[in-house]
Each structure stands twice: as C-alpha cells, then as structure tokens.
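Visitor: I would like to learn how to read a few features of a model. Could we take them one at a time?

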Amino acid sequence: MSYVGIVLISHSSKVACGINDMIRQVIKDVPIETAGGTDENDIGTSIEKIRQAIKRANKGHGVLVFYDIGSAKMNAEMAIEMMETDDVTIVEAPLLEGAYTAAVESGMEKDMESVAAAVTKEFG
Amino acid sequence: MELTVQDAVAWIKKSNEKIQANKDYLTDLDQTIGDGDHGINMARGFHETAEKIAGQDYTSYADVLKDTAMTLMSKVGGASGPLFGTAFLKMSQALQGSDAVDHQTLTSGLEEAVNGIKQRGKATEGEKTLLDVWSRMADFFSHETDFAGEKVAEEAKSAMEQTKDMMATKGRAAYFKERSIGHIDPGSASSFYIFEALAEVIEGGT
C-alpha cells in the first residue's frame, strides 16, 4: 500500500504527539510524522525537525504539511525550499481537524492533490 | 568610505553584545504583547552566530553575513529566526563579489533584505513588525550619499519608537489587537540594536 504522508507541525511536541494519537486511533497505515517544538524541545518550531519529518513521511506519494501558529508556517516554507522538492504541500486548515481529514482521505489511497483538495474544500 | 570584512565581523560582534545586554528588556517587551521568548531566542541565536564567526577566517563581507544568516535561521527559533536570517541572507547575496562595501552597495543590500522580510513574512509596513525598522533604514540609506554613523542610530531609534503607537496586525502580537498599542515591538527593538551596532562600526569604534 502507498499513501500520501502527513506532517504535523506544532510549537508543542505534546500537541503534535496528541494529534497523532487521535488520528492513529482511526487511521493505522498512513505515514504520519510529527515536528513539535524546537531542537531543544522547548516551545517553538524547528526547520531541521520539519525537514526530517517530511523526509520520513514521504513514501514516494508526496506529503501534506499542517501547522499551528506564528513561526510554524514560515519554518515549514523554509524547510521545503531547502529540500527543493515539489511533492510537499502546506495545507491551510486547522491543524487537528485538517490533518484528521487528510489522514482519512489518504487512507483511501487518493493522490496528494485530491487529498489536499478534500481538506481545502472542508476548511478552506 | 568603505566597510571591510573586519567591519562585518565587528558588526555582528557588536550586535551580539547589545542583544545580550538587553536580553531581559527584549523578553519583557515580548511578554507584554507576545509569547515572551524574543530576548531568550535572539540572545541564543546571536551568541551562536558570534561564536561561529569568531572561529573563521573570512575573505569577504558577504560570507560573514551568509554565516550569520544560516546560524540565525537554525538557532533563533520562533518567527525571528527565519525573518532575521532571511534579512542577512538577502543582504549577503546582494553583496556577493564586493571585497569592500561602499554606501551604495550596502544600500542595495538593505533593500534586498527588506524585500526578503516582506516576502518571508508576507508583511508590509505599518503592521508593527521588524519590517518597520528595516524598511525605514533602507529608505534612509537610499537618501544619503555616504555613511553617516550617528544619523543611522538616530533613525533606527526613531523607527523603533514609531512602532509603539501602531496596532499589530501581523505576528503573535496581532492576537492582542488594540492592546498591542502603546508597546514597542520586540523585533523592532532587536533591529534597532543591530542598526546601532552598524552605526558604531561606521563611526569606527571597535
């Protein structure tokens, strides 16, 4: 099986892990990776953590990135620019609800564009 | 007058000293209208940057700024990392190939930094962010014909103070809406120290 990957970026590693737990209760197979907190695990976001999470989540079918507030989006953009890849998309949706919807859609083996479109339709 | 590679090193060193000395003040500013980590983040990032630069033997002004940019991006954390990092990176790119930096070259570097901040932060002037200092400084430099140290510091201070009466519409302070009025923007205060450091380098103090 092959699925679109999902990355959860939050200022708090607990938030990212908590959302992962909630999704995992329902969706088992979709690659979901977290990038929560700074390199020192303080509150914040880290370009390096985001890069690593995207790499792990990408099983060849692209990755959708969800983020919370403040620096999260800016650091996500920088991480993606550095990776010079075009199969990673930042999705404008609430972190929890958006990622949850994306995980369900990805679990139906839809491609990256379709999953992103489904989330955007719901929340965009 | 031209700025040399040693001046670039001195600029970063002085910026670090000022940010370390005002770390608690910057954090206080951020506690009022933000998440209260600006001083800590900037102090950590600039400390790492100063360490990195002190251990290198540079041949160009641009390389000093490039290392500054890369270290700030990865070490500051928060939105300030990407924003200050981008400012220094764009400046570095604009200064590439210049051994010594004259007034016109630095001016174009600052203009590129402003474009970078706008693009990265999707920001415009008047939103109570560091852009309000950087943009006014680029403007100020473009109206001068040569380096004027004291005036650089005065202009930066006035630009920083102007953020006090603004209402934040970008960044974490925007959540505070009207309550953000009456407080200096922390990113603008950090930017003031960076320009004050530049002014001292121009004046020739080390």
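Visitor: How do the residues of the lining of the largest pocket divide into nonpolar, polar and charged?

Guide: They divide into 15 nonpolar, 14 polar and twelve charged. Ala, Val, Leu, Ile, Met, Phe, Trp, Tyr, Cys and Pro count as nonpolar, Asp, Glu, Lys and Arg as charged, and the others, Gly among them, as polar. This is a predicted model: local features need pLDDT of at least 70, side-chain atom pairs count only at pLDDT 80 or more, and totals for chains, interfaces and linings use all residues. Residues are numbered from 1 along each chain as its sequence is written, chains are lettered from A and ligands numbered from 1 in the order in which they are written, and side-chain values use heavy atoms, without hydrogens and water.

Visitor: Which residues are the closest to the centre of the largest pocket?

Guide: A:Gly70, A:Met74, B:Ala79, B:Gly171 and B:Arg172, out of 41 lining residues. The volume is about 870 Å³. A pocket is an open set of points on a 1 Å grid over the protein atoms alone, where a 1.4 Å probe fits, with protein on both sides within 12 Å along at least five of seven lines; lining residues have an atom within 4 Å of a point. Grid points are joined across faces, edges and corners, and the volume is the space filled by probe spheres set on them.

Visitor: Which helix gives the most to that lining?

Guide: α3(A), with four residues. Helices (H or I, at least four residues) and strands (E, at least two) are DSSP runs, numbered from the N terminus.

Visitor: How should I read a sheet?

Guide: Strands of a sheet pair through backbone hydrogen bonds, either parallel or antiparallel. Here four strands of chain A form an open sheet, ordered β2-β1-β3-β4, with parallel pairing. Two strands pair if DSSP finds at least two bridges between them. β2 (32-36) and β4 (88-90) of chain A each have a single partner strand, so one side of each is left without a neighbour in the sheet.

Visitor: How many bridges join β3 to β4 of chain A?

Guide: Three. One partner pair is A:Val63 and A:Val88.

Visitor: And two packed helices?

Guide: Two packed helices are described by the angle between their axes and the distance between the axes. Take α1 (residues 13-24) and α4 (residues 95-107) of chain A: their axes come within 10 Å and cross at roughly 35°. Axes are lines fitted to C-alpha atoms, for helices over the stretch in contact, and angles run from 0 to 180 degrees between N-to-C directions. The contact (heavy atoms within 4.5 Å) includes A:Ile19 of α1(A) and A:Ala99 of α4(A). Its residues divide into nine nonpolar, no polar and no charged.
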